[in-house]
Amino acid sequence: MASLGVITVDFKVWGADTGGALAIVEHEFPPGALVPPHIHTREDEYSIVTGGTIGFRSGDREAVLSTGGCIAKPRGEAHAMWNAGPEPARMIEVISPAGFELFFRAVADMIEAGDPDPERGAALAAEHGLSFVDTPWLADVVRRFGLNGS
């Protein structure tokens, strides 16, 4: 398991193992954790909650899901995720097609090396077709769920 900053990542299935069709990772969210709104341009994500309670906002859909709940987050749609409860939460993420797991690996390597260079992080995001975006709903989500907002 590796740190991505506010959440962790555990690599389950690499794209190299599926001919690039998909990758699977697991994330753990401590209480108050928020992954801020962002857009993927190359892949769709499917999240399955395996423990605790996780909130999702994707486009105009918001859901708070407990164990067994799932949500699709299509490419091109701004989405965010957060721990919506008082206990640690976990989810499995299916990424299709594969490739974005390599972004997670690069970020985890930067953090492990103690290299918090925001310019390098931004370049990695751009290289993987990821952009962080401002949304009109983020402040409300942070307030309602008492999150460590960004």
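This short talk walks through the helices, salt bridges and aromatic rings of the structure shown above.

Before I start, please keep in mind that this is a predicted model, in which local features need pLDDT of at least 70, side-chain atom pairs count only at pLDDT 80 or more, and totals for chains, interfaces and linings use all residues. Residues are numbered from 1 along each chain as its sequence is written, and side-chain values use heavy atoms, with hydrogens and water left out.

Let me begin with the helices, where helices (H or I, at least four residues) and strands (E, at least two) are DSSP runs numbered from the N terminus. Helix α1, residues 101–112, packs against helix α2, residues 118–127, at an angle of about 170 degrees, and their axes are 10 Å apart. That makes α1 roughly antiparallel to α2; the word covers angles over 145 degrees, while those under 35 count as roughly parallel, 65 to 115 as roughly perpendicular and the rest as oblique. The axes here are lines fitted to C-alpha atoms, for helices over the stretch in contact, and the angles run from 0 to 180 degrees between N-to-C directions.

Which residues of α1 and α2 meet? On the α1 side they are Phe103, Ala106, Val107 and Met110, and on the α2 side Arg120, Gly121, Leu124 and Ala125, where contact means heavy atoms within 4.5 Å. By class, this contact has 6 nonpolar, 1 polar and 1 charged residues, with Ala, Val, Leu, Ile, Met, Phe, Trp, Tyr, Cys and Pro counted as nonpolar, Asp, Glu, Lys and Arg as charged, and the others, Gly among them, as polar.

I turn now to the salt bridges, of which the structure holds 14, each being a side-chain nitrogen of Lys or Arg within 4 Å of a carboxyl oxygen of Asp or Glu. One of them joins Arg90 and Glu26, whose closest N and O atoms are 3.1 Å apart. Because Arg90 lies in strand β10 (residues 89–96) and Glu26 in strand β3 (residues 23–29), the pair ties together parts that are 64 residues apart in sequence.

Finally, the aromatic rings: a search of the whole structure finds 5 aromatic pairs, where rings of Phe, Tyr and Trp (its six-membered ring) pair if their centres lie within 6.5 Å, and planes under 30 degrees apart count as stacked, over 60 as edge-to-face and the rest as tilted. Phe11 and Trp14 form a stacked pair, 4.5 Å centre to centre with 15 degrees between the planes. Phe11 is buried, at 17% relative accessible area, while Trp14, at 28%, counts as partly exposed. Elsewhere, Phe100, Phe103 and Phe104 form one aromatic cluster, and Phe103 is also among the α1 residues that meet α2.

Methods: Buried < 20%, exposed > 50% of the residue type's maximum accessible area, 1.4 Å probe, protein only.
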